[in-house]
Amino acid sequence: MQEREKQAVKLWFFSSLVWLALGPLIGALMSLQFLWPDALNFLADLNLSYSKARIFHTNLVIYGWIAMSFVAAILFIIPKLCDVELQHARVAYWAGWLWNLSVALDLALIWAGIVGDPLLSIQPYEYAEAPLLVDLLIVIAAVMIIFSVHRTVLARKRPHLYVSVWYLLGGLYTTAITYLVGNFLTLAFTGLGNQIIHAWWLHNAVGMFITPLGIGIAYYLIPIAAQQPIYSHRLSILGFWTLMAFYPGTGLHHFLQMPMPTWIGEFSVISSVLLIIPVLAVVVNHLATPAQNWRRVFDSFPLRFSVFGTVYYLLTCIQGTFQTTHAVNWFVHFTEWVQAHAHLALTGAFTCYGMAALIYIFPRVTGRQLYSRTLVSWVFWIMAVVFPLFYLAFTHSGLVTGVSVNLLNHTIYETISAVWLARFFRTLMGAGVVLGFLLFGYLIVRSLRVGPRFEEGTNEVAEPAPAPATRRVTV
Amino acid sequence: MKRFITLALLAVWMVLPGWAQHEHQPRPSPTEAPAIYWVLVALAVVAIVGFMLWTLYGKMRPGRMTTLSYHALGALVIIMTLFTLVLYVIPAQQAQQLPATARAWDWKPGEILQDPAGSGLSGEPYRGYLVYLANGCTYCHTLYLRPEDLKTGWAEGARPNEVSQMGDFVRYPFTMLGTQRDGPDLTVIGRKIPDMQYQIDHLVDPRRFKPKSVMPSYRYLSERDLRDLAAYLVSLGNDPQKLRAGVAPTPKPTEDPKIAKGRELYRSLGCVGCHSLDGSPNVGPSFKGLWEREVEVVLPDGTTTRVIADGAYIRESITQASAKVVKGFPNVMPSFAERVTESDLDALVEYIKSLR
């Protein structure tokens, strides 16, 4: 890798860590609102409230952590798969600064809460709250990234396009379309029409932006870390095209119960249930590939994290198809069940993919191994044990709310007491997950200074001393 | 063989939820979709099944793809995404051209709303809606009522005719229907609590009126923002024409000072947050027609009995609400024993007496 390529990857890489430390921390803090609401009254002195903190949390996690770590991985993976250096690496590098600037400006403008300014006020669309000014900057940064990646693919020395390239390049294009729809096309509609276009954006922010990029990264990491060829290329084709066919239509399942023509709602439910096809195709491929060489899951942390991410991905998507059907949806709608589902996808599946990518990339751009196997294991076990407990508490809170309000006809004020314990447990376990993220950040930053030298073929994580030479493997 | 079993299981997985929804589907009879929609659905199903069979069993020769085919496939990704987008744009176009219903929100920029409770406050509802947006109210409150909400605890005090319809939203510049309810639905909050001063006080310190509320304090908002937001909230669920004309009955000048004091206490203590004056139930029963009516109450041990809502009962309810809770309402009222004096109680009783 050339120095300018490394520089671009490093910028996106380390920026994503900053936002990873900050975003979930805000989430844990704001969950106190449901336990001791008066304890957060001090926020009002800072012109803040739970509701603004929530926008901070979602925007930081999506645009700060997920997007930036994924782009770092894309800038690393695409040149490898195309057997060519990253084209226009300076453009990708400056796009990183622009993206960081956008996220910071986004935070500042959400905090300022300007009322009624067309350029500086936040927008009323979940995950697309960024004001128009920030949207423009993000679009410029995204175009720069797409330009660089597209040119790299065009200049490739290897004629064959591996499935990751399909996912990553296709994912970048659908990301662009989705972002433009969510932030600009919505402006052209009023009334209920506005809500329908918003719905298209709302789910595709996950489906056409985070999902294809995350899966593309996992499709690269899993075979290479497991040292196995991909289980089935047919399945990867099936997965890619059915994802592209079924995902874009799903958005309205978020608003199944709003007054609107039922047939468009049915369309979104059918799309959502059909999603199980690409999901199973991807999951079978991701789990059957390392199955031939299962020992590697213990040796290789990128593999371990991405396989775990795939398990969470499967759970998320089974839950997703289940809860979009009317019979389930009326019960869990409006409750924290849905937020728990979102956390299973983003904190469970895609953060695991992001971490796997970072662990894989770190030694290859800095020339140093991660210094502590113990610490990586801690992060992994937090993601494997504490996170599911966090998720269960979250879901439990949603279920109790559903029973209390939908079946027992209790008011919301009565329900709040019923879910207190579940929410307390959620905050406790959530704090554990945040601790895991902070440990991960610490691990990487400290490895910059004390990590042993890395050579291609050694493990990404330093072995406990004395390092046995027999562990060396060739990739 | 294994593949067919998998496919069959998949089919069952897809059909079962659809089956179940017939019993639980809260909104009856699907609206008719245009015939072209069903043609498209049929084409899509055939294409999907064909495609799946091809990827599973078809012949694939590596290295056959030309650069042109790559470009064609790349274009197909974009076309597929745009195709579903069109499927959303068409109903969105139709939805925003619907005729507005009578109670549709209808406030233009610059238009001022006078407080219907007669406090002399005023605010700009349109700008209030933008304040609602800027502070993220939509992350805990929804702005639409489903038919089933009337039977559940999501929207206490809502009436059957207030269930949201498509036409209710047409005049909004954008919608914030909301996906999460950590607080009550606000579709008819203005009809339930038509009092700007209460709304402002509640925004500044929610737990002063609702001790179990988890709402954050919005005391950081400027006075203008608070007034506009309160005006927006008060405008919700009311006929805009009536609000413009001023629906509040102006208090009679010859009124008993005790009643006037009671009216003031009704607002300042926050009774207005739960007890309406127009006979509709909210979190608590309405004060209209309450005086000397026989009510069924639940005692702390769970048994029910009937009492006459006289002065003694009303005093007891204010100072020790959980002693006798009117049946059908939640036991959530805080005690006001330390916040009211003897003459306050007198005034409140007189006020409720005047609401016959």
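Colleague: In what order do the 3 strands of the open sheet in chain B stand?

Modeller: In this predicted model, 3 strands of chain B form an open sheet with antiparallel pairing. Strand 4 (304-308) and strand 5 (325-326) each have a single partner strand, so they stand at the edges and one side of each is left without a neighbour in the sheet. The order is 4-3-5.

Colleague: Which residue stands opposite Val298(B)?

Modeller: Strand 3 (residues 294-298) of chain B pairs with strand 5 of chain B in the antiparallel sense, over 2 bridges. Within strand 5 of chain B, the residue opposite Val298(B) is Val325(B).

Colleague: Is the pair of Trp166(A) and Phe240(A) stacked, tilted or edge-to-face?

Modeller: Trp166(A) lies in helix 6 (residues 163-183) of chain A and Phe240(A) in helix 8 (residues 233-246) of chain A, 74 residues apart. Trp166(A) is buried at a relative accessible area of 16%, and Phe240(A) is buried at 1%. Their ring centres are 5.7 Å apart and their planes stand at 55°, so the pair is tilted.

Colleague: What is the geometry of the pair formed by Tyr179(A) and Trp201(A)?

Modeller: This pair links helix 6 of chain A, which holds Tyr179(A), to helix 7 (residues 191-226) of chain A, which holds Trp201(A). Tyr179(A) is buried, with a relative accessible area of 7%, and Trp201(A) is buried at 1% relative accessibility. The ring centres lie 6.0 Å apart with the planes at 85°; a value over 60 degrees counts as edge-to-face, so the pair is edge-to-face.

Colleague: Which residue lies over the face of Phe380(A)?

Modeller: Phe380(A) belongs to a cluster linked by ring pairs, whose members include Phe305(A), Phe308(A) and Trp381(A). At 4.8 Å from the ring centre of Phe380(A), the residue over its face is Arg304(A).

Colleague: How far apart are the C-alpha centres of domain 1 and domain 3 of chain B?

Modeller: The domain assignment of chain B places domain 1 at 68-97 and domain 3 at 251-356. Domain 2 covers 101-249. The C-alpha centres of domain 1 and domain 3 of chain B are separated by 58 Å.

Technical notes: Residues are numbered from 1 along each chain as its sequence is written. Chains are lettered from A and ligands numbered from 1 in the order in which they are written. This is a predicted model: local features need pLDDT of at least 70, side-chain atom pairs count only at pLDDT 80 or more; totals for chains, interfaces and linings use all residues. Side-chain values use heavy atoms; hydrogens and water are left out. Two strands pair if DSSP finds at least two bridges between them. Helices (H or I, at least four residues) and strands (E, at least two) are DSSP runs, numbered from the N terminus. Domain bounds come from an automatic or database domain assignment. Rings of Phe, Tyr and Trp (its six-membered ring) pair if their centres lie within 6.5 Å; planes under 30 degrees apart count as stacked, over 60 as edge-to-face and the rest as tilted. Buried means under 20% relative accessible area, exposed over 50%, partly exposed in between (1.4 Å probe, protein chains only). A charge sits over a ring if NZ of Lys or CZ of Arg is within 6 Å of the ring centre and within 35 degrees of the ring normal.
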